[in-house]
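Me: I'd like to go through a protein model step by step. Could you show it to me first?

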Amino acid sequence: MAIERTYVMLKPGVMQRRVAGEILSRIEKKGLKIVAMKLMNIGRELAETHYAEHREKPFFGELAGYITSGPVLAMVIEGDNAVAAVRRLCGATKVDDALPGTIRGDYAMHTGMNIIHASDAVASAEREIALYFKKDEIISWKDGNEGWI
Ligand SMILES: Nc1ncnc2c1ncn2[C@@H]1O[C@H](COP(=O)(O)OP(=O)(O)OP(=O)(O)O)[C@@H](O)[C@H]1O
Ligand SMILES: [Mg+2]
């Protein structure tokens, strides 16, 4: 087990549908720890930098358009193997493959609007956290409950 940090972002539809609390609750109940969070609007440049690996994909324009269409809730989540743990909570990228019980399985009907982003590896988490947060916006905190959850 290794304590990791991952970048998680609730996409614009979440704010529109007023379900940010429900999704955050799933992350918290799992036992993961929120160490940074802010509501923000993403500009086109940041959207394209974040999703640069998909620049040549046919859905890139739609993806950048969606992600800049309204505020997102950006956060850094910490915990044991947090990168994989959050990806499991999210479920599969394609909504038809996202099982009920996962965030995408329960909240998304369209792959292009699949409600949540989570880093796919420790290296991408580091890159993405640095894109969205300054070092002093990340709060390390202890609750004395390590190992209870
Ligand atoms: N075939 C597709 N059609 C439409 N949109 C897609 C498709 N594949 C991916 N996307 C969109 O691009 C985003 C990035 O795709 P990626 O392959 O990185 O999936 P992911 O890692 O599960 O998602 P994310 O990076 O948002 O956490 C997806 O979340 C989705 O919104
Ligand atoms: Mg991805």
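Here are some questions and answers about this predicted model.

Me: Which strands sit at the edges of the open sheet?
Reply: Start with the strand order, which is 2-3-1-4 in this four-stranded open sheet with antiparallel pairing. An edge strand pairs on one side only, and that's the case for residues 33–40 and 116–118. So we're looking at the two ends of the order, given that strands count as paired if DSSP finds at least two bridges between them. The edges are strand 2 and strand 4.

Me: How many bridges link strand 1 and strand 3?
Reply: Strand 1 covers residues 3–10, and strand 3 covers residues 72–80. T6 stands opposite I77 in strand 3. The two strands pair in the antiparallel sense, and the count of bridges is eight.

Me: What angle does helix 7 make with strand 1?
Reply: Two helices are worth a look here. Helix 5 (residues 82–90) lies across strand 1, strand 3 and strand 4, at about 35° to strand 1. Helix 7 (residues 122–132) touches strand 1, strand 2, strand 3 and strand 4. Its direction relative to strand 1 is about 55°.

Me: How much of ligand 1 does the protein bury?
Reply: Ligand 1 has 13 residues around it, with Y51, H54, R87, T93 and H117 the closest. Oxygen atoms of ligand 1 lie 2.8 Å from a polar side-chain atom of H54, 2.7 Å from one of R87 and 2.9 Å from an N or O atom in the side chain of N114. Taken alone, ligand 1 exposes 570 Å², and the buried share of that is 81%.

Me: How many residues in the shell around ligand 1 are charged?
Reply: The shell splits into groups, among them four nonpolar and six polar residues. The charged group has three.

Methods: Residues are numbered from 1 along each chain as its sequence is written. Chains are lettered from A and ligands numbered from 1 in the order in which they are written. This is a predicted model: local features need pLDDT of at least 70, side-chain atom pairs count only at pLDDT 80 or more; totals for chains, interfaces and linings use all residues. Side-chain values use heavy atoms; hydrogens and water are left out. A residue is near a molecule or strand if one of its heavy atoms lies within 4 Å of it. A polar contact is a pair of N or O atoms within 3.5 Å; within protein, one must be able to donate a hydrogen and the other to accept it, and residues adjacent in sequence count only if both atoms are side-chain atoms. Accessible areas come from the Shrake-Rupley method with a 1.4 Å probe; for residues, only the protein chains shown count as cover. Ala, Val, Leu, Ile, Met, Phe, Trp, Tyr, Cys and Pro count as nonpolar, Asp, Glu, Lys and Arg as charged, and the others, Gly among them, as polar. Contact means heavy atoms within 4.5 Å. Axes are lines fitted to C-alpha atoms, for helices over the stretch in contact, and angles run from 0 to 180 degrees between N-to-C directions.
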